Each structure stands twice: as structure tokens, then as C-alpha cells.
Amino acid sequence: MISRVADHCFWFGRYIDRAESSARLMQATASLVFDVDMPVTHCWQPLVIVSGEEAPFVARHGREALGHGDLVQEYMTWSKESQVSLATSVRAARECARAVRDQLSLELWEEINELYLWLGRESTETLYHENREEFYRNVRRSTQLILGLVRSTMLHGEPMRFLWMGVMLERAGQTARILDMHHHTMMRESAHDIVRMALWMSLLRACSGAEGFMKKHQGRVTAQSMVEFVLFESTFPRSIRYCLKAASDQLGRIWTEPTHTSRRRLSSLLAWLESQQKEGVELGQIHPLLTYVVDESAAICSRLSEEIQGPTQVSPPLPPTPPPEGEGANRPSQSQTQVQSA
Amino acid sequence: MWSVLQAVPNTRNGVFTSYQPLAGTYDEMVHADGSPRPHTKRIHAVLHSTPPREFAKYQSLAELSLFNQGVTFSVYSDQQGTEKIFPICLVPRVIGATEWAKLERGLVQRIRALNLFLDDMYGEQKILKAGIMPADLVLGAKQYEKTLKGMKAPGGVRIPIAGIDLIRSPDGTFCVLEDNVRTPSGVSYVVENRLVTKRIFRENIEMSSVRSVEQYPLELAHTLRAVAPQGETDVNMVVLTPGIYNSAYFEHSFLARHMGIDLVEPSDLFVDDDTVFVRTTHGPRRVHVIYRRIDDAYLDPQFFRPDSMLGVPGLMRAYAKGRVTLANAPGNGCADDKAVYPFVPDMIRYYLGEEPSLAQVDTYVCARDDDRKYVVENLDKLVVKAVDEAGGYGMLMGPQSTAAQREEFKRRVLAEPRKYIAQHRIELSSCPTWDPARERLSPRRVDLRPFILTSPEGSWVLPGGLTRVALVEGSYVVNSSQGGGSKDTWVEREAVT
């Protein structure tokens, strides 16, 4: 398929899953505030930090505002400047969809277009102010419907594979960041069991895993089992391992020969994660583990963007380029938005 | 008084209540006495019994559905990238079968002549040598590309896709107002409008009595394949768009989607060894036919505009070598130039040895001394148009103009006579159109843009075409950028008597 179109499909998937994830995270955090007796700042601040938006948010609203739930939600939902706000994600997703409208089904296009138009309506703003829960619920339902339409109405060919890979890689990153955020809060809070329990439940809710976790563990809730569930559970569609595996499967079907660096690195990352599962993780190792996953995923994504362009030479065909030594070893940044090539 | 009328909805009368055709104007649906024409009887009867409230409901449903489907165009002047729907009026414009057959013949004849004219202009220029047209008028046009002289169109046809703008004069005759042989747009609205009216009228009208329009994309794909460079099998075709911010982007994507071919931007293409390729995730793939919706100037920076970053470097070299077909051919602008338009009937006589079967509007060419003198002295009676402007811009509507505007145009015409033509204002025909303020139908002026597809095998005309309507009372300007809307155009399948 056309390289630019593949790139847009990939990013459409990322933006949609990001919008869905932030709506759920916002709901889970609002609910956490009622569940635990801890400073409100400690509930909302991590949400801004894991999104990578601390600096612009503080520049705009001041450090005090990090504890102000309404301001944080306002910013993370509506901000036009923010690269990761809900409104930005939906707008960007719709723009990608418009650019590849010929690849999407009519149902799929109508749904993303209607979500975009709905977000811009005055009545929606009123709903946001009067019934926050319902507002986020609407966003979640619409984005979930879109994800369902992808699987049920698009041809299961390359465009859908790129799209779904975007969904899965974005989700792996989101799960990693949400886990990291709860882990930080946990470290800082007192070791009170009730608080801990509330935090872990909030984590599971934020990645839609509460019911799934209970099914697996029949009510036996420990920090270790929860962390392992979110990291490794092969049947949980938001665990990091599941997402990487799904992305890796899609990529393996697009490029059947292992000539592409992004494909090889994704397989390696998955293998590495599986080896960590075998060895077992200590709670204290979570942060470096998650950092590695996020950074490596970001590096794979940017490599993928390059490789999507395909070899541009026509004759004679070039041999595949060997990966440079130690590539990506020092790459702390994560790419949050699509880079426009033109 | 007014509020009393508002409070008591008039349900006994339909939307035609006190409909009055404009004096001195041909009405597309009714005779001067208000009775329907033979081919509009059925739709007239349906509308006649439709209460205004109900009609208003249908109208807003139709608009909402276009919005949700993203059937929109972008507004150029708006930096925010605002999208608008092209407003639709649900009252269709109906054309009788016999009349359409005649129109069709005239359109095909005209396109044949224009194709031959372009071959001639970029070839031997026999028509100029024969003294039928003033040479400097054609060769001096901004749109005549000297550098293309001697190049043949790889697929053999320079105008695979044409849109001819027609208007109907008060005596009921269709006249050509303008030719569009570069990148005519609007056909997607023809297909989308039909989908909307079909849904709304499905219970009242047998749509089988109306000729279908939905096959256009298939006919277009067939035409594009037929104009591929000779000797090529397994032809790869693409639609080339400037991108999502272009005002006609919806249409570009619509056509690609319905033909099932790839929609590409210039940066997706590159040229190697005078052959065009598209970048794919599995490496380069050869391209044989490009339905380009990009102006000549932005096709190839190496050829047209060294300062431009846009376009596909080397594309014109590939074209000159006959390795890729561009539809439509570059350089076509010299055939639909408004200053060349007055000579089209002569072209038809010269190339085909036939009399033109379509009428056209008498035109004063300001480059000619006598014409210019008349124009300058009669600005208040004339419509003056700049030859290289489109979309209803750069125009003086004499009868509605101020003295200052006329003075300004006089100055412009005298400064650059080649740039201007003038015509008497035609009382464009009108069609009953939903008037939201009065909540009933009022006569509004319309034009018609039929689309003609041409391959070496011959031409095919889309039955109907785009009817544009000036939604503003008293207006003659139908352009979407200036308050125009559109209507579904129905061509009757068989003549009724």
C-alpha cells in the first residue's frame, strides 16, 4: 500500500486508542479522589506527568494547579495547545481519517466524523460541565465503537494491519505509563492497606482490567499479582505483553521477510519481556522496566515510520541496510505525535 | 398579524402556495400560468401535497446527513480549515428525455471539436494558419504552454473529463456559458445528491423513471484505463490530490474510493528513468495513468515553476516520453479560456464540417477594437468577465453595479483588453427552490454542468449533471463559494406526452 497512507492508518489507530485511554483514565482518577484519603494533588498530578505535559501545564496554570482536578481535566480534555489532550487526539484522528478516507468503511468514517463534530458542539460543552461522567462515557463508547468497526467493517488487509498496530503500540505505551504513575503514587503514599488497595483498583479500572483480574484471581488481590497481570497476562487485551504480541503479529504479516529493523526489534522487545516474566519481577524494578518498554516502543515507532516509506530507489534494488550498532540505546524521548513529512 | 399566521400552520396547502414564476424567465418546472410541464407532472403533484413543515423537516435531515458523512468542501479564505456542506435543495430539476438527447449530441460534438483544437494548437496550428482565429489571441493566452508544443497526449485524448456549463435562456434554449476542460469539479455532489433524494422521495416517486447517475465512477475508471499509454497492460491508475486542505478534497477521495484506486499526494510519487512510481510499503510501484486534480503549475517544479516545492519532479519528462497519461492533459487551459470561447462554433465548423448544435452566448472580445468600444460604452448593460478568473470572481454584473465599480472596470478593460470579455446578462432559467425564510418554494436561478467522459472509443455523457442554484433572492451567481447550492438533476428515462 501507499507509504503515506500506511503512516496515516497507523496514526489513526494511535490517536483513537489514546482518546479512549485518556477518557477512561480521567474517569478512574475522578473516582479515585473519592476513594482514598490522600491529598488531591497526588491524584491528579501524576496524570499530567505521565502524559508528558507537566511543563506546558505548569507554564499555563502554575504549579498549584496540579492539584486542581477541574483544571487538569479541562486541560487534558480541551486544550488545543496540548499534543495529547482528548480534543487534540480526536481532531488528529479525524484528520488522518480524512486523508485516508478511501481506505476506511463508510460506517467507520461516519463515526469518527460524528465524534469530531459532537466534540465541537455547544451542547457537548454543556454536558461536560453538567455531567462529566456521561461526557467521558460518550467519548469511550464512540472510540470503542470505532475500534470495533475497524475489525468488523474494514478489509483485513494492510491498511487495517497498520491501523491495528498503531492501536496496540499506543496501548502498550498507555498501559506502561498508567502503571508507572500508580507505582509512583504508591511509593510516595503511606503503606496503609486501604489506600494501597484503592490505588491498585484504580489502576485496574484505568486499564479496564478490574473484572478480568478478579476472574483470574478470584478476589485474592496482591500488589505482585496485579502488576504481573497488567504486564504479562496473555489473555488480557491491555497487558503490555498482549499488546506487543498483537502488534508484532500484524507487522509479521505485513512484512513476511525479516529484513525490516522495526520488525526485528519489536520481536526482540517481546522476547525480552517474556524472559522478564519467566525470571519474575520485583516491585522495585518496575520503573526501569517500564521506562525501557516505553523508550524502546518509541524507537520502534520512529524506525517503522522510516521503513514504511519503503526503498525509494527503483533500479538496481538495494540490499537491506544493516541496523547501525547500538541504535536506540540512548533514546529517552517518546514520540507523541505524527510527524508530517510534507 | 404575522404571529397569528405563524401560530396556525397551513397544512391544507403544499409548498407551492402562491408560487409565482419570475416574469421573462423560463421556469424549469412550471409554465407561466403555474401548471406543470409534461415531464414534471409527477414530482409537481408530490410537492403540491407536501406541507411546508414536513418539507422543512426533510431539508434539515438532508443537510445533517451530508454533514455527518463529511460531504463538505473547505473554505479557502478561512485559515481554520472550516468545512461547509454544499447546500442542497430537495426540489429536483427535471429535464425531459427528448431535450436531453439533443443536449447530449451537442455536448459530444463540442468536446470532439475542443479535443481536435488542442491537438492542433500543440501540433501544426492549422486553424490559425487558415485565419479562422486570431493567432495572438490563442498563443498569447496565459494558459497556452508553448513548451508543450509537439508533445502528443500518451493516451490519445486530451480531454478525457469535461464539464460544460449551460444556462437556459427565456425562450427555453440551452446555451453554453463556459467550457471546463482542465479539472472540472462537482460530480461527486451529483452522485451524493441522488442518494439523498432517493431516500427522501422513495415512497412517492418511482426513481426507475429517472436515469441513474451512480455508474459515473465506473465509467470514469473505464475511461482512464482506455487512455493509458499504448501497449500497456495491467494498468495502474491513481487520483492525484493536493491534499486534505483542498476545497474539492471530498470529491478526490470520493472518486478514488468509488473507483477502488489509490488516492495519492504529489509527495507519494517520484520519477525514475522517465517512469512514474508510487512509494509503497513494499517498494516502488509503476503508475500508468494519473487522474490529476492539481493545476498545471503545480504538476512538476522542474517544468513549470522552478520556485515551487510542490509537484512531482520529472513528471513532465515522463509525460513527454509517453510513459504516463495525465488526465486531463496539461496545457488544456487555452481551450476553455473565456477569450477563446467565442470561436468554438467556428472550430466545430472547421474541424468537423458540421453546424454547432448547441447555442452559446454572444460575446464581446475586448481585444477587438469594435467590441471594446461597445463594452466600455455599455458597461451598465453587460456582464464583464476576466478571462482567467473562475468561481464568479473578477466579474462585473453591469445592471446591478455602482458607477464607481463601472469606472473601475472601464479602467481595467482599457489597460488590459486581452483579459476581458463581456456578454449581455442572460435571464437564467429558474427552478422552484426551498426558501427557509418564507417556508415555501420560491423561484431561484439555476445553471447546469453536465460531465462528458471521452476515450478513443468515443464519449459518454453523465445523464443530468450538476444543477447549481443561486439561493439568494435575485442573485445570478450560482458558485458554491458565493452562496450557491445544488439540486439533484433528473433526466427522464422515456419521454411522456
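In this predicted model, Phe10(A) counts as buried, because its relative accessibility is 1%, and Trp11(A), with a relative accessible area of 3%, is buried as well. The rings of Phe10(A) and Trp11(A) form an edge-to-face pair, since their planes stand at 90 degrees while their centres lie 6.0 Å apart. A search of the whole structure finds 25 aromatic pairs over all chains, and the table sets two of them side by side.

| Aromatic pair | Distance between ring centres | Angle between planes | Arrangement |
|---|---|---|---|
| Phe10(A) and Trp11(A) | 6.0 Å | 90 degrees | edge-to-face |
| Tyr216(B) and Trp460(B) | 6.3 Å | 40 degrees | tilted |

The pair of Tyr216(B) and Trp460(B) links distant parts of the chain, for Tyr216(B) belongs to helix H8 and Trp460(B) to strand E21 of chain B, 244 residues apart. Tyr216(B) counts as buried, at 1% relative accessibility. In chain A, one aromatic cluster is formed by Trp78(A), Trp118(A), Tyr128(A), Phe135(A) and Tyr136(A).

Turning to the interface, 30 residues of chain B are in contact with 32 residues of chain A, and the two chains bury about 2,600 Å² between them, 48% of it on carbon and sulfur atoms. On the side of chain B, the most area is lost by Asn68(B), Arg279(B) and Thr281(B), which together account for 24% of what that side buries.

Between chain B and chain A there are 2 salt bridges, and Asp268(B) forms a salt bridge with Arg4(A), in which the closest N and O atoms are 2.6 Å apart. The count of residue pairs in polar contact between these chains is 16, and the residues of chain B that touch chain A divide into 12 nonpolar, 11 polar and 7 charged.

Definitions and conventions: Residues numbered from 1 in each chain as written. Chains lettered and ligands numbered in written order. Predicted model: local features only at pLDDT ≥ 70, side-chain atom pairs only at ≥ 80, totals over all residues. Heavy atoms only, no water. Contact = heavy atoms within 4.5 Å. Buried area = accessible area lost by both parts, 1.4 Å probe. Salt bridge = Lys/Arg side-chain N within 4 Å of Asp/Glu carboxyl O. Polar contact = N/O pair within 3.5 Å; in protein donor to acceptor, adjacent residues only side chain to side chain. Nonpolar A, V, L, I, M, F, W, Y, C, P; charged D, E, K, R; others polar. Phe/Tyr/Trp six-rings, centres within 6.5 Å; stacked < 30°, edge-to-face > 60°. Buried < 20%, exposed > 50% of the residue type's maximum accessible area, 1.4 Å probe, protein only. Helix = DSSP H or I, 4+ residues; strand = E, 2+ residues; numbered from the N terminus.
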